[in-house]
Amino acid sequence: MVELFIKNLNAGYGAVTVLNDVTIDVPNGQTVALLGTNGNGKSTLMRCISGLIKPTAGSIELHEDDGTVIDLTAATPQEIVEAGVAQVPEGRRLFPDLTVEENLTLGAYRKAARATLATNLDYAFTLFPRLAERKTQLAGSMSGGEQQMLAVGRALMSDPRLLLVDEPSVGLAPILVSQMITKIGELGESRGLTILMAEQNFNQAIRIADKGYIIVHGEIAFASKDAADLRENDMVKTYYLGA
Amino acid sequence: MAIFIDLLLNALVIGVLLGGFYAALSIGLSITFGLLDVVNIAHPTMLVLGAFIAFLLNSTWGIDPVLAGIISTPFFFVLGWLIYQVYYNVFEKSGAESLRGLAFFFGLLFIIEVGLIIQFGVDHRLVEAPYIGQSWNIVIGEEIDVAIPFRLLVAFVVAAIATLAIHAYLTKTFFGRAVRAVAQDMMALRLMGVDPIRVKRIAFAMGVATAGIGGALMIIVLPIEPSLGRLYLGNVFAIVVLGGLGSISGTLLAAVIIGIAESIVATFFGPSWAPAVSFGILLAVLAFRPEGLFGKTAGAH
Amino acid sequence: MEIVYEQNYNPKTADFTPILRAANAKKPDAIYIASYPNGSAGLVRALAEVGTDAKAVGGGMVGLQFAGLMAGLGPMLNGIANYDFFVPEPTMNLYPGASALIDRYQSKVKAENLKVDALGYYLVPWAYANLDILGQAVEAVGSLDQVAIGKYIRDNEFTSVVGKIKFGKNGEWERPRTLVVQYQGITNNDLQQFATPGTRKILLPADISTGDIQSFNSLRK
């Protein structure tokens with residue numbers, strides 16, 4: 001039971017500022033879409049949340065039910081994973097020379113997840129039966145769709161409360177994109193996961209999102225009130241078509 | 001005919017044992033170079049340092065060389081830890097490891113070698129143990145008997161145990177799997193909650209730690225002197241590449257293949273051809289399997 | 001004399017038992033070995049592990065004269081006949097000053113913990129004589145003129161710690177002084193036994209010999 005609050009976040013690489021005053025709220029149990037075309041800062045924000053990039057201003061916090069606040073702003077990537085945040089990175093970033101099963105097992109490196117390794121492995125194989133068939137195969141030798149399944153499965157192995165999914169549709173055939181997005185939507189419902197999904201495929205993303213943000217040049221250009229607002233607001237269409 | 005069978009059997013047995021010995025020399029490099037992409041060309045010289053420590057413990061207190069190797073292994077772990085710390089902070093962190101890192105290990109090689117010369121002189125050193133110079137004769141038939149030199153048998157058994165233990169550690173534990181993944185994608189590993197620098201530091205220290213026990217086996221098998229490491233530099237790299245980068249079991253099997261090939265060639269064709277045959281095997285294998293005998297190459301990295 | 005087996009080995013050879021087995025298969029009467037220290041030690045160990053029926057083994061094995069290797073190999077050396085330059089046998093006392101020189105060398109090595117050969121028989125007397133002869137020649141000639149010094153050394157006989165030295169026409173010693181010794185009676189790895197007479201009997205030159213050659217296996221065990 002966790003809610004992600006990002007307030008007035010600035011971040012970048014060296015002297016280049018990418019994110020400018022970004023404020024986002026991902027409520028517990030919801031799937032929130034972070035929409036925007038390439039190069040607008042979606043992945044930078046994802047990396048900030050996972051601690052791979054340190055923000056220059058602003059804050060990133062996890063709020064728990066009981067009022068506990070976990071400040072992730074200056075936390076290490078390890079501490080952030082331990083806090084229950086997992087990411088499916090852009091480009092999947094699998095370990096190509098390890099087997100499917102070894103990739104999944106590495107996902108359970110977090111101490112809290114080691115005890116439930118077997119259960120989580122079963123869950124990943126049930127979610128994606130394809131991975132069960134290929135569990136002894138090297139990850140790098142699989143098709144793009146299978147690799148994306150593995151990337152999602154691997155992130156789930158750490159038993160996360162908050163799942164970050166960065167561009168799950170990249171490099172996939174349209175039919176697979178639709179299946180993958182549906183799968184992520186189901187995940188949110190069946191596991192009660194809180195999900196922040198960065199996506200440039202607006203039409204697919206808004207199918208499963210409870211609400212959404214549009215990010216343009218590192219700034220939040222639009223924040224929807226709810227799912228209906230995201231699907232129907234003309235602003236979304238303008239940004240999507242305009243981009 | 002009996003003589004031929006006698007020679008063949010002995011060549012095979014010696015080859016397998018010699019292979020175990022070569023594996024002990026190569027296994028540390030298989031971790032540091034094969035898995036971590038750190039070109040530790042000082043590794044054979046660290047083995048010689050391990051051999052001199054075994055010599056010192058053996059000649060001063062009469063400690064069995066294998067036990068001496070086990071005793072010095074933690075020392076090498078700490079040494080490896082410190083070396084990686086310097087290597088990481090000075091070279092790897094800034095992405096300058098490819099050429100300057102190589103120069104760093106080249107320098108380390110000579111510092112260790114010169115240090116050994118200053119401390120021990122250039123004399124050849126041996127250790128004493130009841131099993132050195134003895135062999136186990138197995139009579140198989142008329143004019144056919146297999147002699148197993150104990151010094152090679154001890155080296156083989158210890159090397160095989162160490163290799164299998166390292167292999168099990170790397171495939172069956174969470175940390176071991178992280179070691180095998182670290183050269184493939186450090187960022188992804190961070191997202192799994194792993195600190196890749198810590199993984200590399202510990203794994204590098206493990207690789208260097210093998211110089212303790214490996215060096216002890218070295219001085220059990222042959223006399224050592226400070227510059228001996230450079231002589232074996234080519235061989236250990238050849239074995240690691242032949243076995244396949246990143247494959248610990250591949251290193252063991254490649255070492256046994258080289259051992260058998262050298263022993264057969266030395267017996268039937270003349271010992272001076274033996275090294276040519278090892279490198280010939282390496283070239284032939286790389287021509288058809290660039291990833292080595294047991295290497296995995298699903299990804300492009 | 002028929003040569004039944006002749007092979008070169010590589011300095012990287014880690015184990016010599018296959019080589020010795022291949023040689024033994026040709027049933028040689030004698031095995032002549034020309035080796036550097038690593039090979040010498042490797043072959044001595046292989047001889048201990050595999051054995052041989054050859055009656056004489058050895059020859060030009062560099063390294064077996066070193067204190068470190070002699071102590072390390074110990075009884076495995078028994079029976080091997082090998083070249084040497086100086087050993088502590090009674091007949092070597094012909095040379096005035098040699099024993100005193102060795103004594104001085106050994107006590108200096110010990111006192112100052114020098115990282116050099118602990119015994120010094122092999123090279124020290126001849127190295128000393130080398131410089132001694134050069135010094136005598138420089139003094140006699142009275143200058144550093146190389147041609148004159150060379151002529152003086154060729155034309156005269158010298159007395160040094162290794163006795164009287166005269167050079168022949170080809171520049172070698174007029175009377176050969178290289179020893180052939182046979183290792184025997186070595187019972188353990190104690191270095192000091194090599195500092196006493198008897199472990200390396202001189203077979204040649206005949207005029208200073210202290211023993212006759214014995215078959216290789218008769219001196220083993």
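Tutor: A salt bridge here is a side-chain nitrogen of Lys or Arg within 4 Å of a carboxyl oxygen of Asp or Glu. Before we use that: this is a predicted model, where local features need pLDDT of at least 70, side-chain atom pairs count only at pLDDT 80 or more, and totals for chains, interfaces and linings use all residues. Residues are numbered from 1 along each chain as its sequence is written, chains are lettered from A and ligands numbered from 1 in the order in which they are written, and side-chain values use heavy atoms, with hydrogens and water left out.

Student: What makes Arg180(B) and Glu102(A) a salt bridge?

Tutor: Their side chains meet at 2.9 Å, N to O. The cut-off is 4 Å between an Arg nitrogen and a Glu carboxyl oxygen, so the pair at 2.9 Å qualifies. Across the interface of chain A and chain B the rule finds 2 salt bridges.

Student: Which elements of chain A give two or more residues to the side that touches chain B?

Tutor: Helix H2 (77-82) and helix H3 (100-107) of chain A do, and H3(A) gives the most, with 4 residues. Helices (H or I, at least four residues) and strands (E, at least two) are DSSP runs, numbered from the N terminus.

Student: How do you know how many residues take part in the contact of chain A and chain B?

Tutor: Contact means heavy atoms within 4.5 Å. By that rule, 27 residues come from chain A and 23 residues from chain B.

Student: What is the area buried between chain A and chain B?

Tutor: About 2,500 Å², with carbon and sulfur atoms giving 68%. Buried area is the accessible area (1.4 Å probe) that two parts lose on being put together, summed over both. Phe95(A), Asp97(A) and Tyr109(A) supply 27% of what chain A buries against chain B, more than any other three residues.

Student: Now chains B and C. Why is the pair Asp15(C) and Arg151(B) called a salt bridge?

Tutor: The side chains meet at 2.7 Å, N to O. That lies within 4 Å and joins an Arg nitrogen to an Asp oxygen, so the name applies. The interface of chain B and chain C has 3 salt bridges by this rule.

Student: How many residue pairs are in polar contact across the interface of chain B and chain C?

Tutor: The rule finds 11, with both residues at pLDDT 80 or more. A polar contact is a pair of N or O atoms within 3.5 Å; within protein, one must be able to donate a hydrogen and the other to accept it, and residues adjacent in sequence count only if both atoms are side-chain atoms.

Student: Which element gives the largest share of the side of chain B that touches chain C?

Tutor: H1(B), with 8 residues. This contact takes 46 residues from chain B and 32 residues from chain C, and the buried area is about 3,100 Å².

Student: Where do the domains of chain C lie?

Tutor: Domain 1 is 17-85 + 178-219 and domain 2 is 94-165, with bounds from an automatic or database domain assignment. Their centres, taken over C-alpha atoms, are 28 Å apart.

Student: How many salt bridges does the rule find between domain 1 and domain 2 of chain C?

Tutor: The rule finds 0 salt bridges there, while 4 residue pairs are in polar contact. The two domains bury about 900 Å² between them, 67% of it on carbon and sulfur atoms.
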